[in-house]
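This briefing is intended to be read alongside the sequence and the three-dimensional structure. Please keep both in view while working through the points.

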Amino acid sequence: MIANQSNNSARVALITGSTSGIGKAIALQLAKDGFRVVFHSRSSVTEGEKLASAVPGAIYIQADLSDQAQTKRLVSDLLSGCGRLDVLVNNAGINAMIPHGLLKEATPEIWRDLYEVNVIAPWTLIAEAEQALRNASTKECPSCILNISSHAGVRPKGASIPYAASKSALNHMTQLLALTLSPEIRVNAIAPGLVDTPMTESWVEAHKLWREKSPMKRGAKPSEIAHIASMLVSSSYLTGEIILSDGGLNLT
Ligand code: NAD
């Protein structure tokens, strides 16, 4: 864990999987919005430390979220380093490309791996962070959890059925927890369609689909998803929302 110059009064935001793609864009946006951000990744330690040293007050923590002990350690390390937590963004996620009709290719191991990172890790982080989020919450500024799910968790689409089902579980968890943790903690999700990130670089068909069929004629840039994240975080009222962010493809 490394820390840049610290600012103990700033509100703190943890963004999982924030050394690339959507998570990195959200972390940089929340830093601009005045948060002390905590960068996290599974393995890209050098990049995480570089990002943290470039952003005032930021720290970086490495943790493999497929490992329960490391997932819990992420929250305890954060609280020892920052002393508070106001916003938790569950962005880290994994995917698997499997044609939907090839049922035997979607093995139990693949189901378990996807659920471990996409569903159980966010749940564990929320459970471990709940007390700190409650402590930081005020009437004017409730604490906030933001889950990055997928349009595949809303519509019967996506790179594979296990991936889509894992993101659907994350969406349902979002709404159940919005009911359970209110009013001290708001819980929302963003369900992106195609976003230009390392994960989707080779998805030629998906890029073609968005160019040709979506009303916006393209996938999103990570900064555009980060802008939506910033809006949701800055609200003091919205909870239980799943913001489908697919450039209107769902309308076609
Ligand atoms: P990305 O590959 O750039 O980022 C994924 C991040 O998750 C990485 O930082 C990685 O370190 C982290 N991660 C993966 N497994 C981990 C583990 N075991 N422990 C800790 N961290 C782990 O991809 P992205 O496109 O920016 O994806 C971010 C989120 O957005 C994911 O949850 C993804 O499912 C979701 N999403 C992406 C798209 C898209 O088109 N890019 C669309 C819908 C949803």
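Predicted model: local features only at pLDDT ≥ 70, side-chain atom pairs only at ≥ 80, totals over all residues.

Residues are numbered from 1 along each chain as its sequence is written, and side-chain values use heavy atoms, with hydrogens and water left out. Helices (H or I, at least four residues) and strands (E, at least two) are DSSP runs, numbered from the N terminus.

**Packing of α4 and α5**

- Helix α4 (residues 108-136) packs against helix α5 (residues 161-181) at an angle of about 20°, and their axes lie 8 Å apart. Axes are lines fitted to C-alpha atoms, for helices over the stretch in contact, and angles run from 0 to 180 degrees between N-to-C directions.
- This angle makes α4 roughly parallel to α5; angles under 35 degrees count as roughly parallel, over 145 as roughly antiparallel, 65 to 115 as roughly perpendicular and the rest as oblique.
- The two helices, α4 and α5, cross in a right-handed sense. A crossing is right-handed if the near helix is turned clockwise from the far one by less than a right angle, and left-handed if anticlockwise.
- Contact (heavy atoms within 4.5 Å) involves residues of α4 including Trp111, Tyr115, Trp123 and Arg134, which meet residues of α5 including Tyr163, Lys167, Met173 and Leu181.
- The residues of this contact between α4 and α5 comprise 16 nonpolar, 3 polar and 3 charged. Ala, Val, Leu, Ile, Met, Phe, Trp, Tyr, Cys and Pro count as nonpolar, Asp, Glu, Lys and Arg as charged, and the others, Gly among them, as polar.

**Helix α5: span and burial**

- The 21 residues of α5 should span 30 Å at 1.5 Å a residue, and the end C-alpha atoms are 30 Å apart, which agrees. The expected span is 1.5 Å times one less than the number of residues.
- Among the buried residues of α5 are Pro162, Tyr163, Leu170, Asn171 and Leu177. Buried means under 20% relative accessible area, exposed over 50%, and partly exposed in between (1.4 Å probe, protein chains only).
- The cover over the buried residues of α5 includes α4, β6 (143-148), β7 (185-192) and β8 (242-245).
- Glycine 153, in the loop between β6 and α5, is buried, with a relative accessible area of 13%.
- Beyond its neighbours within four places in sequence, glycine 153 contacts Ala164, Lys167, Ser168 and Asn171. The C-alpha atoms of glycine 153 and tyrosine 163 are 8.2 Å apart, and the two residues are 10 residues apart in sequence.

**Other helix pairs**

- α1 and α7 pack at an angle of about 50°, with their axes 8 Å apart, and are therefore oblique to each other.
- The crossing of α1 and α7 is right-handed. The contact residues include Ile22, Ala25 and Ile26 of α1 and Ile225, Ala226 and Ala229 of α7.
- By class, the contact of α1 with α7 has 9 nonpolar, 4 polar and no charged residues.
- Helix α3 (residues 68-82) packs with α4 at an angle of about 35°, with axes 10 Å apart; this crossing of α3 and α4 is also right-handed.
- The contact of α3 with α4 consists of 8 nonpolar, 3 polar and 3 charged residues.

**Backbone geometry**

- Most residues other than glycine have a negative phi, and most peptide bonds are trans.
- The peptide bond from serine 182 to proline 183 is cis, with omega near -5°; proline 183 is in the loop between α5 and β7.
- Lysine 217 has a positive phi, near 65°. Lysine 217 sits in the loop between α6 (204-213) and α7 (222-234) and is partly exposed, with a relative accessible area of 48%.

**Selected residues**

- Lysine 24 is in helix α1 (residues 21-32) and is partly exposed, with a relative accessible area of 27%. Not counting residues up to four places away in sequence, lysine 24 touches Gly17, Ser18, Thr19, Glu47 and Leu51.
- Phenylalanine 39, in strand β3 (residues 36-41), is buried, with a relative accessible area of 0%.
- Phenylalanine 39 and tyrosine 60 are 21 residues apart in sequence and 4.6 Å apart in space, C-alpha to C-alpha.
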